[in-house]
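User: Walk me through this model in short steps. Keep the terms clear as you go.

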Amino acid sequence: MKTHYTSIALLFVFILVFLGVLSASANTNNPPQRTLKEHKYYEKKNTSEFEVTYKGIITLTKDDKDIKSMTPGSQLVITQSSFGNKRRLELSADNKGNMTKKYFEGKKEANYDKDGKEWLESLMPELIVKTGIGGRERALRIYNEKGMRAALEEAENVKNGGGSSTNIIIVGFYNSIVQTSNDNAYLYYKVLLDNVKMNDDELKDFIEALAKVRSNSTKGSMLRYILNTYNLSSVLMEEFLETTASLDYNTERGNTLRAFQTKHPINKNNYRDYFRVIDGMSINSEKGNILKPLLKNQKLEAIVFNALCESATKFTNDSEKAAVLRVASQYIPDETESKELFKRSVESLSSPYRYLTRELINLYENKDYLSGKEKIAQDYIISTLKEVKYESANTKKTTTLRKFHSSMTNDPKLIEAYFGVIESMDNNMEKYTVLLELIEAQKLDAVGYAALYYVVEELAKEDFKHGASALIRESLANIPDNKEVMEQLFDALDDIDHASGREEIIRMMCQNKNFQNNMAVLKMLRIAGDIDVDIEKAIALQHIQTVLPKNNDEIMYLYKRLADELDSEYEYARALKGLK
């Protein structure tokens, strides 16, 4: 087992950089003023150029023809040049929000009220769709005046007008370059979702429009927010699942479907839409880690169970297919069609997986096949594990390991022998599936958890991050309060770089009392700080906010520093909302 000197050193540096320097700070309750992030829009067409740089929160007048106000430190600079002629507007706000407006023609400052204001007014329609400035107030104003559909149409208009980066070059005839550093339209969706209590018709329109959002993180996060906020009718469920199917990332689909089936039963009214989402996924481990909890947590009607078997049959990885079917074997409805479909799914396993096929047939014939009503002697288990370690077939090893799960103890020698077999395997899918079942069958102690997380870290490093994430999620419920175990866990989580996966795990940690201490909060902040998607990072910080220790100025300072790293002013405000 490897030592943890490296991780401890990194954590020390992390704390030193963000906390140790506070001795030189006058007041840790008041970190430096928000560092406003600059956004840019640039467009070039042949000999003309148009550039906008802006930062802070800019509010427009109600007629969208002028700038009404700017938050302290905000700035808006507009530059346009064509055939050598250049015009520039500079609008800024001091530390009290007082605005200064300047207008230049060429290098000389000209009269703003006479010429600059008129030029700004002519540019406003273009500015709105290409930069999204004033989006928060505009979204709510349009909703209040014209309704949800009008507000969503405006969000679409902004997205099509300038919310993406494109390059078009036709040599010798036309040259056009458009670049933007901000996803402008998404602010409209976020504002509407956070500030409007929607009725069913409005929510249906919103979910339908959400399918057009390109950002998987934004879309997935909003779908999960909807789940937490609204009770969905059958019509809304259909729309919700259809939009979930538009998520391109398997991690986002998995995170969203697990949340969906925690709140809503999968039944004859929605199962077709539900399985359409799963069948469209490409990563077998992510699909399996939706279906296995479904089987365990819901009593499925026969028609739903049958659809699950048909979905499992389509898996392209036999290890994960068998893992799902092993769980399904315990919940087969007492109907001929269900039994036949289960058997056909088992028979779809390829010949190299004969050990798994045999195991599943035994389970089909006898649900108690692996129940271990008679305990097996520890010495026999250890000697058998030492022998099976040298078997060439991974499935031979895993079927042997599973037979011993119900007789496992936390004896260090037995744990060492068990994980010796795990380390001898060269199939990561088989490793992860058998370890998931070990976690469920045996309440491991600190020695077992340290060994488990060592393997999880290796899986993550070998780019088997979906399986590693699943093992962490399943292990959190019974994790012991042990320093070495926590070190190994966060070492493993460091190597899982899926934004959605990290956010989901942090959410689960914040609901576990073993993570409600200063050291765990520091480690969660470090993991959240490495999330590179604003909306996922902001949500992770909001989770951590619920377990922030009281009267700890240093940790509060660190939290605010991480919030300050967010590019979006809106997400920054969300991350700080609720702080005392």
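**Loops, strands and helix pairs**

User: How does Asn-46 count by relative accessibility?
Analyst: Buried means under 20% relative accessible area, exposed over 50%, and partly exposed in between, with a 1.4 Å probe and protein chains only. Asn-46 has 40% relative accessibility. Therefore Asn-46 counts as partly exposed.

User: What kind of model is this?
Analyst: Residues are numbered from 1 along each chain as its sequence is written, and side-chain values use heavy atoms, leaving out hydrogens and water. Local features need pLDDT of at least 70, side-chain atom pairs count only at pLDDT 80 or more, and totals for chains, interfaces and linings use all residues; the model is predicted.

User: What is the phi of Asn-46?
Analyst: Most residues other than glycine have a negative phi. Asn-46 sits in the loop between β1 (39–45) and β2. It is not a glycine, yet its phi is positive, at about 50°.

User: Is Phe-83 buried or exposed?
Analyst: Phe-83 lies in the loop between β5 and β6. Its relative accessibility is 69%. Phe-83 therefore counts as exposed.

User: Over how many bridges do β2 and β5 pair?
Analyst: Two strands pair if DSSP finds at least two bridges between them. β2 covers residues 48–55 and β5 covers residues 75–82. Lys-55 stands opposite Gln-75 in β5. The pairing is antiparallel, and the count is 8 bridges.

User: Which residue in β6 is the bridge partner of Gln-75?
Analyst: β6 (residues 85–93) pairs with β5 in the antiparallel sense, over 8 bridges. In β6, the partner of Gln-75 is Ser-92.

User: How are α6 and α7 oriented to each other?
Analyst: Axes are lines fitted to C-alpha atoms over the stretch in contact, and angles run from 0 to 180 degrees between N-to-C directions. α6 (residues 200–210) packs on α7 (residues 216–229) at about 160°, with the axes 11 Å apart. Angles under 35 degrees count as roughly parallel, over 145 as roughly antiparallel, 65 to 115 as roughly perpendicular and the rest as oblique. So α6 and α7 are roughly antiparallel.

User: How many residues of the contact of α6 with α7 are charged?
Analyst: Contact means heavy atoms within 4.5 Å. Leu-203, Phe-206, Ile-207 and Leu-210 in α6 meet Lys-219, Met-222, Leu-223 and Ile-226 in α7. Ala, Val, Leu, Ile, Met, Phe, Trp, Tyr, Cys and Pro count as nonpolar, Asp, Glu, Lys and Arg as charged, and the others, Gly among them, as polar. The contact has 7 nonpolar residues, no polar ones, and for charged the count is 1.

User: How are α14 and α15 oriented to each other?
Analyst: The axes of α14 (residues 336–347) and α15 (residues 354–365) come within 10 Å and cross at roughly 165°. That angle makes α14 and α15 roughly antiparallel.

User: What share of the residues of the protein count as buried?
Analyst: The protein has 27 helices and 10 strands. In α10 (residues 271–279), the buried residues include Tyr-271, Phe-275 and Ile-278. Of the 580 residues of the protein, the buried share is 55%.

Methods
Helix = DSSP H or I, 4+ residues; strand = E, 2+ residues; numbered from the N terminus.
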